[in-house]
Amino acid sequence: MTLLREKRIVITGASSGIGRELARLMARRGGLLAVCARRGDRLQSLADEIEAEGWPRPLTAVCDVRDPAQVAAMRDEVESRMGPAEVLVNNAGRGAFRPFVELSPQEASDLVATNLTGVIHCTRAFLPAMLARGSGHLVFISSVLGELPAPEHAVYGATKFAVSGLAESLDYELRSQGIKVTLVEPGLVMSEFVEVSGTPLRRFDQVPHQTAEQVAVAIVRAIERGQRRCVADPLAWIAIDFRRHFPRLARLLFGVAIRRAYRRGSSEG
């Protein structure tokens, strides 16, 4: 018996990476899943895999979280077929690794629309039923880049700063109304996200990293324990804590480390 057994759970961005691994793990923990993403074929493949393992087949919903109408339709389908969501995992996101001046206006808008506005759309869609019930759990997948700024991640990092702030604000606002909030800040993760965002593979030789499966385990543990915040990478947690206590020194040391890493990357590239 786990705390997720028979809980109605919605996971956005479940077609790959952390979202897909979360769905697989939460199904094994007995959760009743609704998974959404833009790629319906990937969702069907995931549902087939979970069903083949002997768990209830997830509800699949093709949905672009940037579109509030699609989010509302997905919410209505979930509630009509499963009942109101008890856990919402705001996982859908996209990245773009390149210098700020090389990022097109459309790419920047898509980053903000997916990583921040999409999170707002989904939270607004599912929160009212949780408030009416007096219970629920909102999970926000942010990034350590929301705490530790890095070059060539300017807009992506800005969206994650915003998601982390949104999660903390909602925790203060909703905790007394029975709604739990968990903020998750993963570090570098080896997944399809790396290829799509254009992150150089050499970063995995320079920065500690984890697999999507490892991050999913940390997220499920945080949800079941009711943690307000989860930084899956222990070294990132130390760096974040150091920056909060010694901001000037951290800026100096991180700047030196970043310049060295980028010089080494340039010589290798």
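Helix 1 is mostly covered, with eleven of its twelve residues buried. Here buried means under 20% relative accessible area, exposed means over 50%, and partly exposed is what lies in between, using a 1.4 Å probe and protein chains only. What you see above is a predicted model, in which local features need pLDDT of at least 70 and side-chain atom pairs count only at pLDDT 80 or more, while totals for chains, interfaces and linings use all residues. Residues are numbered from 1 along each chain as its sequence is written, and side-chain values use heavy atoms, leaving out hydrogens and water.

Let us stay with helix 1 for a moment. Its buried residues include Gly17, Ile18, Gly19 and Arg20, and Leu22, Leu25 and Met26 are also among them. From first C-alpha to last, helix 1 reaches 17 Å, close to the 16 Å expected at 1.5 Å a residue; the expected span is 1.5 Å times one less than the number of residues in the helix. Just after helix 1 comes Gly30, which takes a positive phi of about 95°.

Now step back to the whole chain. It has ten helices and nine strands, where helices (H or I, at least four residues) and strands (E, at least two) are DSSP runs numbered from the N terminus. Of the 269 residues in the chain, 50% are buried. The accessible surface comes to about 13100 Å², and carbon and sulfur atoms account for 54% of it; these areas come from the Shrake-Rupley method with a 1.4 Å probe, and for residues only the protein chains shown count as cover. The contacts tell of links along the sequence too: among those between residues at least 6 apart, 68% join residues at least 24 apart. A contact means heavy atoms within 4.5 Å.

How many salt bridges are there? The count comes to 19, taking a salt bridge as a side-chain nitrogen of Lys or Arg within 4 Å of a carboxyl oxygen of Asp or Glu. Arg20 is buried, with a relative accessible area of 14%, whereas Glu49 counts as partly exposed at 26%.

Another salt bridge joins the side chains of Arg8 and Glu86, at 3.8 Å from N to O. Arg8 lies in strand 1 (residues 8-12) and Glu86 in the loop between helix 3 (68-81) and strand 4 (87-90), so the pair ties together parts that are 78 residues apart in sequence. Both Arg8 and Glu86 are buried.

Next, look for Glu147 and Arg244, whose side chains form a salt bridge at 2.9 Å, N to O. Because Glu147 sits in the loop between strand 5 (136-141) and helix 5 (154-174) and Arg244 in helix 9 (residues 234-245), the pair ties together parts that are 97 residues apart in sequence. Glu147 counts as buried at 11% relative accessibility, while Arg244 counts as partly exposed at 49%. Elsewhere, salt bridges that share partners join Arg20, Glu21, Arg24 and Glu49 into one network.

With centres 6.5 Å apart and planes at 50°, the pair of Phe242 and Phe254 is tilted. Phe242 lies in helix 9 and Phe254 in helix 10 (residues 247-268), so their pair ties together parts that are twelve residues apart in sequence. Phe242 is partly exposed at 26% relative accessibility, Phe246 is partly exposed at 45%, and Phe254 is partly exposed with a relative accessible area of 26%. Phe242, Phe246 and Phe254 form one aromatic cluster.

Our last stop is Asp110, placed in helix 4 (residues 105-133). Asp110 is buried, with a relative accessible area of 16%. Which residues is Asp110 in contact with, leaving aside its neighbours within four places in sequence? They are Arg66 and Arg94.

How values were computed. Phe/Tyr/Trp six-rings, centres within 6.5 Å; stacked < 30°, edge-to-face > 60°.
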